[in-house]
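Visitor: I am new to this structure. Please take me on a close look at its nonpolar core, and at the parts that surround the core.

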Amino acid sequence: MKKLIVLVALAVVAGCHSARKPSEAPSPVLNGAQTGAANPEAAVQGFMAAVQKQDLQAMAAIWGSADGPARELGDRGDLEKRELIMMCYLKHDGFDIIGDAPNPSGGRTAAVSVTYKDLTRSTNFQLVQGPGARWYVLSVDVQKLSDICARKG
């Protein structure tokens with residue numbers, strides 16, 4: 001199951017951002033047919049808000065590549081399976097963007113601390129700019145969150 005998601009190597013991260021709980025995270029910044037987010041931080045916040053709401057459509061609008069949102073790039077059934085897997089790993093009571101930095105591919109890497117019940121784990125989000133200068137979550141290193149996924153809700 002873990003092998004369905006592309007894992008990305010760790011990148012050096014720097015900088016700090018204030019902690020956010022799901023209730024404080026903004027809704028995905030989508031207007032009509034607009035996808036992605038205005039900046040990398042908003043992409044992480046929107047994606048995590050969509051995970052918290054278990055909103056597959058919102059996740060698919062913020063998850064993508066330099067070519068655009070995932071919902072327009074592949075098989076819908078496969079996409080939904082991947083999103084359900086991501087929801088398991090990214091379920092949370094709170095999260096904190098603890099840093100971000102440019103990565104070698106021209107995107108950004110954001111270090112995110114995820115808290116679920118009594119567990120807190122850090123992982124990396126790979127972010128990429130796509131069409132219309134919108135930012136998308138390219139991948140998340142979910143392997144570091146395996147015990148969150150294993151935890152019964």
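Guide: Here is a walk through the core, and then on to a helix, a hairpin, a few loops and a disulfide.

A word on the source. This is a predicted model, in which local features need pLDDT of at least 70, side-chain atom pairs count only at pLDDT 80 or more, and totals for chains, interfaces and linings use all residues. Residues are numbered from 1 along each chain as its sequence is written, and side-chain values use heavy atoms, with hydrogens and water left out.

Start with the overall plan. The protein has 4 helices and 7 strands. Helices (H or I, at least four residues) and strands (E, at least two) are DSSP runs, numbered from the N terminus. In that direction the order is β-α-α-β-β-α-β-β-β-β-α. The protein has 153 residues, and 47% of them count as buried. Buried means under 20% relative accessible area, exposed means over 50%, and partly exposed lies in between (1.4 Å probe, protein chains only). Residues 24 or more positions apart account for 60% of them. A contact here means heavy atoms within 4.5 Å.

Now the core itself. A nonpolar core is a set of buried Ala, Val, Leu, Ile, Met, Phe, Trp, Tyr and Cys residues joined through side-chain atoms within 4.5 Å. The largest one holds 36 residues. Those with the most contacts inside it are Val-44, Phe-47, Met-86, Leu-90, Val-112, Phe-125 and Val-137. Several elements give two or more residues to this core: helices α1 (40–53), α2 (56–62), α3 (76–90) and α4 (146–150), and strands β4 (94–102), β5 (108–116), β6 (119–129) and β7 (135–140). The most comes from α1, with 7 residues. In soluble globular proteins, nonpolar side chains tend to be buried together.

Of the 14 residues of α1, 11 are buried, so the helix is largely enclosed by the rest of the structure. Among the buried ones are Ala-43, Val-44, Phe-47 and Met-48. At the start of α1, a side-chain oxygen of Asn-39 comes to within 3.2 Å of the backbone nitrogen of Glu-41. After α1 comes Gln-54, with a positive phi near 55°.

Leaving aside residues up to four places away in sequence, Val-137 touches Ala-43, Phe-47, Ile-62, Trp-63, Gly-64, Phe-125, Gln-126 and Leu-127. Strand β7 is mostly covered, with 5 of its 6 residues buried. Its partner β6 runs antiparallel to β7, and 5 bridges join the two. Strands pair if DSSP finds at least two bridges between them. Phe-125 stands opposite Val-140 in β7.

The hairpin of β6 and β7 has 5 residues between the strands. There, Gly-132 takes a positive phi near 70°. Ala-133 sits in the loop between β6 and β7 too. Its phi is near 60°, a positive value in a residue other than glycine. Ala-133 is partly exposed, at 43% relative accessibility. Lys-117, in the loop between β5 and β6, also has a positive phi, near 55°. Lys-117 is partly exposed at 45%. Most residues other than glycine have a negative phi.

Past β7, the loop to α4 holds Lys-144. At 31% relative accessibility, Lys-144 is partly exposed. Its C-alpha is 7.0 Å from that of Arg-121, which is 23 residues away along the chain.

End at the disulfide. A disulfide is a pair of cysteine sulfur atoms within 2.5 Å, and this rule gives a count of 1. Cys-88 and Cys-149 form it, with their sulfur atoms 1.8 Å apart. The pair links distant parts of the chain: Cys-88 in α3 and Cys-149 in α4, 61 residues apart. The torsion about the S-S bond is about 105°, so this disulfide is right-handed. Cys-88 is partly exposed, with a relative accessible area of 21%, whereas Cys-149 is buried at 12%.

Notes: Polar contact = N/O pair within 3.5 Å; in protein donor to acceptor, adjacent residues only side chain to side chain.
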